[in-house]
Amino acid sequence: MYKKLIFELDRGEVEQNYFSELDVPEEELEDLLPPSALRREPIGLPEVAENEVIRHFIALSTLNYHVDKGIYPLGSCTMKYNPKVNEDTSALPGFAGLHPLQPEESVQGALQLMYELQELLKEIVGMRAITLQPAAGAHGELTGCLMIRKYHKVRGQARNTMLVPDSAHGTNPASVTIAGMKTLEVKSDDRGLVDLDDLKAKLGPDVAGLMLTNPSTLGIFEENILEISELVHEAGGLMYMDGANLNALLGIVRPGDLGFDVLHINLHKTFSVPHGGGGPGSGPVAVSERLKDFLPVPIVSRHEDKYFWDYEIPHSIGKMLTFWGNFAALVRAYTYIRMHGAEGLRRIAETAILNANYLLKRLEGALELPFPTRPMHEFVLSAHSLMKETGVKTLDIAKRLLDFGVHAPTIYFPLVVKEALMIEPTESESKAMLDYFATTLRHIVQEAKEDPQLLKEAPHATPVGRLNELKANKELVVRWHNK
Ligand SMILES: *Cc1c(COP(=O)(O)O)cnc(C)c1O
């Protein structure tokens, strides 16, 4: 029964007895609304009793895996527990009931929150100015790339190439392309760091900048970062930091001190805004002195006691989103930052790093560690040898994990690692959960050697078995046909 659509639970007429008898004259809809506003056919909503609706959706919510159900160690995504107090604050009527076109005087509280969040984020990352507008990390990348491009244009320079390391997230080259520039790949060395010789060879008069993730998608801190920043700046380029992994740096390192000119912050990763399923996220972009005159308009500024939308940005790239950003996401991130305070933020980073290193130690020998450097908040293992030995692929391991009530890590990313499993426990998992994850993964590696077929057909205990992922993409059905 719980595998049915709500439409299939339709019982035709369900008697409802909530409303008392009409005590006013009954009016025909036709007398009240113009014909264009009238529905010609019934809308076809299912008729089900209240308890059936509730049971249906509660059952659905438990069929699906989510971060409120168990560990979600997706590397690069920082799927941490989302404190429920965030939901209380973002649902406060004074916030949730706002209209984006309300006059400034009537939204001073919301503007104050945005202003304070701007200040907090600037302090955390050590940057000069910030926009809260972008709707996600990738949108922040586009914002940053457009600013870099305009910066060079205003200075009369034809720089159109962004350098991007081969370990980068796919959104990096995509954002560069959408911003109208070209990507040139920089190689990683055998420790997973930027290959300095390759970087030097590629720096030139057409280079607009370097886009770097730090710590990298391999979970490794870029130890030559100061030298890299200097090289890029000397060559006339700007430094973009993909801040998706900021969780590992909170209270320890400020990207501004590493020479970056612009970075995006994924509030839905580092600052506990729920994500997955497409958002809504939020990707504020912070900039150094060099780029502060290029930010999207408006930002929130303060004059004496009054907060206002500030459009006075001389070389602004314009607007990046309708209205002001995903406001409810901003309230959640603000809540998280204020609940933890400066000390708490540092402990978040330290605990995330400790958890990742503990987990890596517990997994030692089970799978390969292709870049054997001490990681930060995440690490990447490879099942390549296991595959050669047993025929079991990373995908099979990921599917089998589901049978044990564990979400799979990120797989097949970063591309520089064959049969990759990218694991990020975050700070919010207990030692007991980390132990369970490690024991489970070790058990599965053992199974691969003894009964590879069991893994190839996994999962066995989930509501649906192995899906044909290609078919779902090629034959997308998103509409319910009632007839
Ligand atoms: C998640 C992520 C992005 C993209 O961010 P979205 O908020 O999903 O658009 C970019 N780079 C890295 C390294 C990421 O992990």
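**Exercise 1. Determine how glutamate 427 and lysine 80 are joined, and which parts of the chain they connect.**

Solution. Step 1: In this predicted model, the side chains of glutamate 427 and lysine 80 meet in a salt bridge, with 2.6 Å from N to O. A salt bridge is a side-chain nitrogen of Lys or Arg within 4 Å of a carboxyl oxygen of Asp or Glu.

Step 2: Glutamate 427 lies in the loop between strand E12 (420-423) and helix H14 (431-450), and lysine 80 in the loop between helix H2 (50-63) and helix H3 (85-90), so the pair ties together parts that are 347 residues apart in sequence. Helices (H or I, at least four residues) and strands (E, at least two) are DSSP runs, numbered from the N terminus.

Step 3: Glutamate 427 is buried, its relative accessible area being 13%, and lysine 80 is buried at 3%. Here buried means under 20% relative accessible area, exposed over 50%, and partly exposed in between (1.4 Å probe, protein chains only).

A note on the model: it is predicted, local features need pLDDT of at least 70, side-chain atom pairs count only at pLDDT 80 or more, and totals for chains, interfaces and linings use all residues. Residues are numbered from 1 along each chain as its sequence is written, and side-chain values use heavy atoms, with hydrogens and water left out.

**Exercise 2. Describe the salt bridges of arginine 346 and arginine 362, and state where the partners lie.**

Solution. Step 1: Arginine 346 pairs with glutamate 350 in a salt bridge of 2.8 Å, N to O. Both residues belong to helix H11 (residues 327-362) and are four residues apart, about one turn of the helix. Arginine 346 is partly exposed at 35%, and glutamate 350 is partly exposed at 35%.

Step 2: Arginine 362 forms a salt bridge with aspartate 435, and their closest N and O atoms are 2.7 Å apart. This pair links distant parts of the chain, with arginine 362 in helix H11 and aspartate 435 in helix H14, 73 residues apart. Arginine 362 is partly exposed at 28%, whereas aspartate 435 is buried at 16%.

Step 3: Elsewhere, Arg128, Glu289, Lys292 and Asp293 are linked in a network of salt bridges. The count for the model comes to 24 salt bridges.

**Exercise 3. Characterise helix H6 and state which of its residues are buried.**

Solution. Step 1: Helix H6 (residues 137-154) has 18 residues and reaches 26 Å from its first C-alpha to its last, close to the 26 Å expected at 1.5 Å a residue. The expected span is 1.5 Å times one less than the number of residues.

Step 2: The buried residues of H6 include Gly137, His139, Glu141, Met147 and Tyr151. Just after H6, glycine 156 takes a positive phi of about 70°.

**Exercise 4. Identify the surroundings of the ligand and its contacts with the protein.**

Solution. Step 1: The ligand is surrounded by 13 residues, the closest being Ser76, Gly137, Asp242, His268 and Lys269. A residue is near if one of its heavy atoms lies within 4 Å.

Step 2: H6 gives the most to this shell, with three residues.

Step 3: A backbone N or O atom of glycine 137 lies 2.7 Å from an oxygen atom of the ligand. A nitrogen atom of the ligand is 2.5 Å from an N or O atom in the side chain of aspartate 242. For lysine 269, an N or O atom of the side chain is 2.8 Å from an oxygen atom of the ligand.

How values were computed: A polar contact is a pair of N or O atoms within 3.5 Å; within protein, one must be able to donate a hydrogen and the other to accept it, and residues adjacent in sequence count only if both atoms are side-chain atoms.
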